[in-house]
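Here's a quick tour for anyone meeting this structure for the first time. Have a look at it, then read on.

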Amino acid sequence: MIPRIHKRGSETIGLVRYLYGPGSHEEHTDPHLVAAFDPLTPDPGRDPQATYGQLQRLLDQPVNALPADRRPKKHVWHLSVRTSPEDPILSDDNWAAIARRMVAATGIAPDGDDAACRWAAVRHADDHIHIIATLVRDDGRRPRLHNEARRVQAEARAIEAEYGLRRVTPGDGTAAKRPTSAERHKAERRGRQHTPREELREAVRRSVAGAASEEEFFDRLATAGLLIRRRIAPSGDTLGYTVALPGDRNAKGEPVFYSGSKLAPDLSLPRIRERWTKPSDGATQQPALPPVTRPSSARQHATAAAWQALFVIDHGDDSLIAAQIAATGEVLDALAQTSAAHTRHELQTAATAFERASRSHIRAARGHDHALRQAARDLVHSGPALGRGEDGATTAMAIDMLIFLAVAAAAWHAKKQRTQQAEAAHRAAEHLRAAYQAAAEHPMALLRQRGARLAPAWQRHHATAVRQALPELADRILAEPGWPALAATLTEAQNAGHNPTTLITQAAARRELDTAEGMSDVLVWRLRRMAGLPADPQNSQNHRSNGALAVSSPGRTAQTGIGPANTSPRRH
């Protein structure tokens with residue numbers, strides 16, 4: 001159940017007409033009263049003799065009884081209460097009981113208070129009601145509405161439990177502001193999938209991802225084609241900013257501007273500036289380095305930074321963890337805008353989902369997130385990546401590590417009972433898994449082909465190494481479709497001078513494996529990174545032009561069955 005307190009208004013008759021009218025898109029059906037402060041309240045929906053004006057005058061009577069200078073300017077209170085699509089259709093009696101509970105919980109009409117505010121609940125659809133009230137009590141006093149939004153949410157949670165409705169996860173006040181119904185209807189009329197508020201939020205997030213200074217941030221906003229207004233102090237300092245889409249105009253033909261704080265709590269200029277602050281504990285902050293120029297190098301940096309962030313999430317304090325999770329959002333935004341078309345949609349969806357997970361009431365210790373923010377900067381400045389080759393393979397490697405980071409963020413939020421953030425991180429992880437499948441398809445297929453052509457002696461050799469390093473997980477790994485790819489990677493690693501058993505043990509010790517959907521895939525990317533192997537198997541120096549891999553025999557010098565004998569490992 002989703003209750004929403006709307007902006008207060010000054011004209012009761014306008015809201016009454018809307019509630020009983022056809023709606024902006026003829027969506028209102030059978031508007032009628034389900035409950036009110038007085039059982040004899042006129043219902044223009046069901047009583048042909050009742051009028052909108054009668055209902056308005058009845059509701060406004062306590063307001064008009066006051067002297068003009070004591071009347072509140074915004075006296076119309078409006079609450080909508082909506083069930084979820086999967087919920088059963090409630091009866092009018094059910095909605096009447098819910099309406100009474102809501103006005104009691106908010107302080108509009110406490111139980112047993114005969115001098116409370118006047119109100120009426122109108123139903124014009126199966127799944128929701130609207131409650132209109134006037135904010136002057138019958139005794140001439142104002143109602144006490146302190147924390148009304150939290151109280152109405154708490155009552156909704158209790159109603160869900162009692163009526164068997166879908167349990168909506170409670171928020172903590174750090175979510176981005178939702179588009180208004182007017183904004184949604186305007187977007188629908190113009191055939192746009194998202195509202196200007198949502199498009200601007202995405203654009204500002206992409207612009208700030210990895211930005212090293214305020215000027216770079218504003219330059220990126222301008223490059224994105226946004227209209228920008230800065231609020232300047234007499235000293236010349238920038239106090240704030242607003243942005244607008246060039247084509248989004250109001251009735252007067254003027255651009256509709258939104259401040260950063262109206263897009264998301266962490267997009268106000270003061271909160272954005274925190275990203276460039278030095279660590280408050282005196283730790284040395286690394287200066288912004290010149291960005292890398294190759295997309296593959298940027299993705300390798302992102303993988304390494306994500307690996308470091310996992311260690312902080314496992315062992316750091318809350319403020320450090322919050323900083324790593326917030327900066328992870330920047331990396332996802334940067335990766336989404338620079339990746340190839342076949343992964344871009346899932347990455348953009350993952351970044352959008354993770355946005356909710358990037359904020360909580362725990363203040364991030366900015367400055368300690370330098371590695372991730374530098375990685376985001378590298379991704380943006382290195383430009384678009386190709387879908388294949390080293391760019392594509394390093395994209396898969398980075399996504400594989402970011403999946404672990406999203407899952408770790410979800411676990412941390414869940415432990416702190418921040419359900420919305422935990423669910424958002426889990427959704428992001430699911431979209432990252434889909435993006436990974438697209439990114440890893442070509443390099444993993446090549447590795448699986450090589451692994452399938454390995455001589456039986458090599459396959460037994462690597463299987464023994466896995467059983468020695470991971471005795472409890474070996475059977476699952478060897479049965480996975482990705483095992484041949486892991487075997488091929490172990491061959492490359494051994495040929496480069498590494499001990500497969502030692503390498504697997506080290507890779508597994510740095511992060512758990514059994515929570516991964518494909519342990520073989522995870523080990524492939526960890527081993528290739530730890531052993532210094534190219535992410536793209538085609539770039540291996542041991543890979544000859546005919547597709548054969550020169551390897552030394554396991555335990556003795558012999559033909560491997562896929563290439564010439566090699567008595568000394570090749571290094572790269």
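In which sense do strand 4 and strand 5 pair, and over how many bridges? Strand 4 (residues 119–125) and strand 5 (residues 128–134) pair in the antiparallel sense, over 6 bridges. Before going further, note that this is a predicted model, where local features need pLDDT of at least 70, side-chain atom pairs count only at pLDDT 80 or more, and totals for chains, interfaces and linings use all residues. Residues are numbered from 1 along each chain as its sequence is written, and side-chain values use heavy atoms, with hydrogens and water left out.

**The sheet and its helices**

- Strands here are DSSP runs of E with at least two residues, and helices are runs of H or I with at least four, both numbered from the N terminus. Two strands count as paired if DSSP finds at least two bridges between them.
- There's an open sheet of 5 strands, with antiparallel pairing and the order 1-3-5-4-2. Its edge strands, each pairing on one side only, are strand 1 (2–5) and strand 2 (32–36).
- From one strand to the next, the twist averages 20°. Angles run from 0 to 180 degrees between N-to-C directions, with axes fitted to C-alpha atoms (for helices, over the stretch in contact).
- Helix 3 (residues 92–106) lies across strand 1, strand 2, strand 3 (76–82), strand 4 and strand 5, and runs at about 45° to strand 2.
- Helix 4 (residues 148–163) also packs on the sheet. Helix 4 touches strand 1 and strand 3, and its direction makes about 165° with that of strand 1.

**Cavities**

- Grid points are joined across faces, edges and corners, and a volume is the space filled by probe spheres set on the points.
- The structure holds 2 cavities of 30 Å³ or more.
- The largest cavity has about 130 Å³ of space. It's lined by 15 residues, and Arg 205, Asp 266, Ala 326, Asp 333 and Ser 358 lie nearest its centre.
- Helix 11 gives the most to the lining of the largest cavity, with 4 residues. That lining divides into 5 nonpolar, 2 polar and 8 charged residues. Here Ala, Val, Leu, Ile, Met, Phe, Trp, Tyr, Cys and Pro count as nonpolar, Asp, Glu, Lys and Arg as charged, and the others, Gly among them, as polar.
- The second largest cavity has about 30 Å³ of space, and its lining residues include Trp 412 and His 413.

**A pocket**

- A pocket is an open set of points with protein on both sides within 12 Å along at least five of seven lines.
- Of its 21 lining residues, the closest to the centre are Tyr 436, Gln 437, Glu 517, Gly 518 and Asp 521.
- Helix 15 gives the most to this pocket's lining, with 7 residues.

**Confidence**

- The mean pLDDT (the predictor's confidence in each residue, from 0 to 100) of the protein chain is 89, and 91% of its residues reach 70 or more.
- Over residues 542–550 the pLDDT is below 50. Where pLDDT is low, the predicted coordinates should not be read in detail.

Technical notes:
1 Å grid on protein atoms, 1.4 Å probe; cavity = no way out; pocket = protein on both sides within 12 Å on 5 of 7 lines; lining within 4 Å. Contact = heavy atoms within 4.5 Å.
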